[in-house]
Amino acid sequence: MLEVMDVDVCYGEFQVLHQVSVTVKTGELVVLLGPNGHGKSTLLKTICGMMSPAAGRIKFDGEAIDRLPANKIVEMGLTYIAEDRHLFPYMSVLKNLKLGGFNKNAHAKEEKNLAWVLNLFPRLNERLNQYASTLSGGEARMLALARGLMSNARFMAIDEPSLGLSPNLRMDVFNIIKEINDRGITLLLVEQCVPEVVEIADRFYLMEEGLITFEGDSKSIMKNTDIKEAFLGM
Amino acid sequence: MLRELLDVLISGITIGSVYAMMAIGMALIYGVTKVFNFAYGSFYTMGGYLAFVFFGFNLGYLPVLALVVPALFLAGMGTEKFIVRPLRKHDNWEMAAVMITLGLALFLDNLYQVIFGSYVKSLPSLFTGNLNIGTVVFSVQDVAIFIVAISIMFLFMIFLGRTRTGMAVEAVAQDTVGAEIVGIPKDMVFGFVFGVSAVLVGMGGILLAPKYYVSPFGGWNILVKAWVITALGGMGSIRGSLYAAFILGIVEAFVGWQFGYTWTLFAWFAVLLITLIIRPQGLLGTWG
Amino acid sequence: MGLTMKMKKELLLLLAIYTVLCLMPLAVHGNLYLMNILITCLIWAVVAASWDLIMGFAGIFTFGQVAFFVIGAFGSAILTRTIGISPWFGILFGGMLAGVMGLLVGLPCLRLKGAYVALVTFAVHMILEPFLKSSVGRTIGTGGSPGIMSIPPLSLGQYEFSSMNLIPPYYTAVVLSMISLLIIYKIINSTWGLAFIALRDSEVFANSLGVDDFKYKLLVFGISAFLAGAVGAFYAHYVGMLSSRILGLDLFLILMVMLVVGGMGRFPGAVIGSFITISVSELLRPLENYRLVIFGVIVIFLVLFLPQGVTGLLFPVKGKSPLTRLGEYFRSRWRTQH
């Protein structure tokens, strides 16, 4: 479904990604591991159109998306959930959610999606009329996820969904992620030091210094003790 | 004495309403696109001159407006698309945006001078005569100006709060990246906002022209005033600019009455400085 | 810290320009009009360079340079007229007065966000004119609306500079501007200077590495104001008269054009910008009002297509930007920990 082929990305003259290639098949749940500051978030941002690659191609469902603006990519069904959330601070939770369904495809299904999302995240239902800036860290993360779901996405790129959450909330988040995946939405996650991820993921990639240094499924990653210790916290 | 004070108050509120409309335009651009449009004054003047040209064809007020408003909108949108947007990929693009809009202002203002000459132009008043309510005398023109300005602002606030495009504009202002994430076409919003603000300030030019005339460099005064108002309100806060405009409008009327209009800006800056010391983020300091 | 390639090139360019300048009078000393233009270019070059220091290099958006220029000019004019000290001291005094004002303005400004700093400094500029014309101003000797008519000229020993022989003022301008530019150059390339540039490119990044911005910003405010004020005083003694009209928009806009033409944040862009802008301005004079229309178009084109200005044409920026260097430092730290 998503093919990233030999992509180079630079911040000015500083090259962050070197010939990165990643594939995600339809329906899969792929996890990208790696140390901080080595390009994982950059890869996600490039995939969803917020940055342009200096070289390489990105294809979504066979169509090239590396030169498309972010909003066109969202329309095609690819949604990004940022690590720093980027919620609309002075709008209510409800309005944030509605804006999540801004694109044409989602707008028609707004009510249905809203019902589904509020079912998944009952905490948000309680806070519907509060400003997003008043939410706690965990609730904000949920809202970001929920808002992303409103976009009727078929593919979601999620950057560290469990960052800063208590172990209980982490459990909840991963359960929700599993449920989303079961619904048929393809997922590419960026995570680190989170053992829970091994149970739900189909495949893993490891990125170090902007290069892909490992690719494999849960079995192969469990055999690799270095990676297990360094990046999965096991 | 009381009568004079009342006149001053009325005068302040009237001019305040037009200032509010123009300040909102600037708050809009700054809040949404984070660009400081140095050519803002030139769009004010553009409104006046466009109206002057169309009045020259002996058209009535409404046909003139029907022609000028779209022209202003296109001019604003064009500026964003062709002059400001290409800068975003440069380093330090905010400064580049100021410089380029400065170039635009230089170009436009001197173009006006070349085409229309240095002498001021006047626009016909929409209404003449006075209105008497009790012992207070209002000029009908002033009342009309007030009503038009307030209506425009009212419509605009409704637009922002209730329409889908309005929500998109607010979203881009509150978190540009977030807006991209939900699929809002950021660039179109930028262009749209520039267009709307050109209309707002250009309308200000038309409304004020019968009293203050149109001149090639008259826009700079407006740029500075809109700037102070927006800063007082809290850069990018629409409601803040609204309050600030009326406050400063009344200050202007009062200062003009007691000390002469040359001290207006001085007084305004004093108010601004004092406010910023107490509240560095301005009156309302946030979007909304 | 040895001189890098880039620094060497900039210094060489400056020396080349100044060599030409020193030799110019051999060709044009008879032509008073041209000599005057050259002196004017040098004066505005210093103002533009000081503005570039604070805006282009330190990234602080201000509009106060012209105000500081005027403060220095009036300060020196008034002092030399009332107390009768030598105009040379007047220049120093003008600079110091402006410098102190710069620090005073900088103190509150630095607490504010970027757009506000611009506004406050613009306010200083706008308030200066009514102040100079007011009764308070007149009491201290600003001459009110008409301004000051007879300002003592500079003199060397017994010889008084006059408007008939422009060679002495010319070389004075050359020397003064050279000193100013070298001061600016020293600041840009000092350890402070690199800190400024890092701040300008990414305040968050730089703050995380422990760069204290307040001290540096205040210093830059003061120094750029000092330089503008000093050359303002020179201007006062050179022209011999002064009025508040100089605070009008025209000067302001032309200075900005100089920055754009020369290249902001590129040394010695301001000097190049000054000479080119004034030359073009004079060449276009026959076109009268079209002159400024064309200027506007030129500015737009330059910002769009030549953001580094003319200096960018001569020495395009290659090699690593400070952001790159910071990034690489960050990376190497990670590497050494693993």
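In chain A, strand 1 and strand 2 form a hairpin with 2 residues between them, and A:Gly12 in the turn has a positive phi of about 65°. Helices (H or I, at least four residues) and strands (E, at least two) are DSSP runs, numbered from the N terminus. The model is a predicted one, in which local features need pLDDT of at least 70, side-chain atom pairs count only at pLDDT 80 or more, and totals for chains, interfaces and linings use all residues. Residues are numbered from 1 along each chain as its sequence is written, while chains are lettered from A and ligands numbered from 1 in the order in which they are written.

Strand 1 (residues 2-11) of chain A pairs with strand 2 (residues 14-24) of chain A in the antiparallel sense over 7 bridges; two strands pair if DSSP finds at least two bridges between them. Within this arrangement, A:Leu17 in strand 2 of chain A stands opposite A:Val9. Strand 1 of chain A also pairs, in the antiparallel sense, with strand 4 (residues 55-60) of chain A, over 5 bridges. There, A:Lys59 in strand 4 is the bridge partner of A:Glu3.

**The fold of chain B**

Chain B has 11 helices and 2 strands, arranged along the sequence as α-α-α-α-β-β-α-α-α-α-α-α-α. Along its principal axes, the C-alpha trace of chain B spans about 60 × 50 × 35 Å. Residues 24 or more positions apart account for 77% of the contacts in chain B with a separation of 6 or more, two residues being in contact if their C-beta atoms, placed from the backbone, lie within 7 Å.
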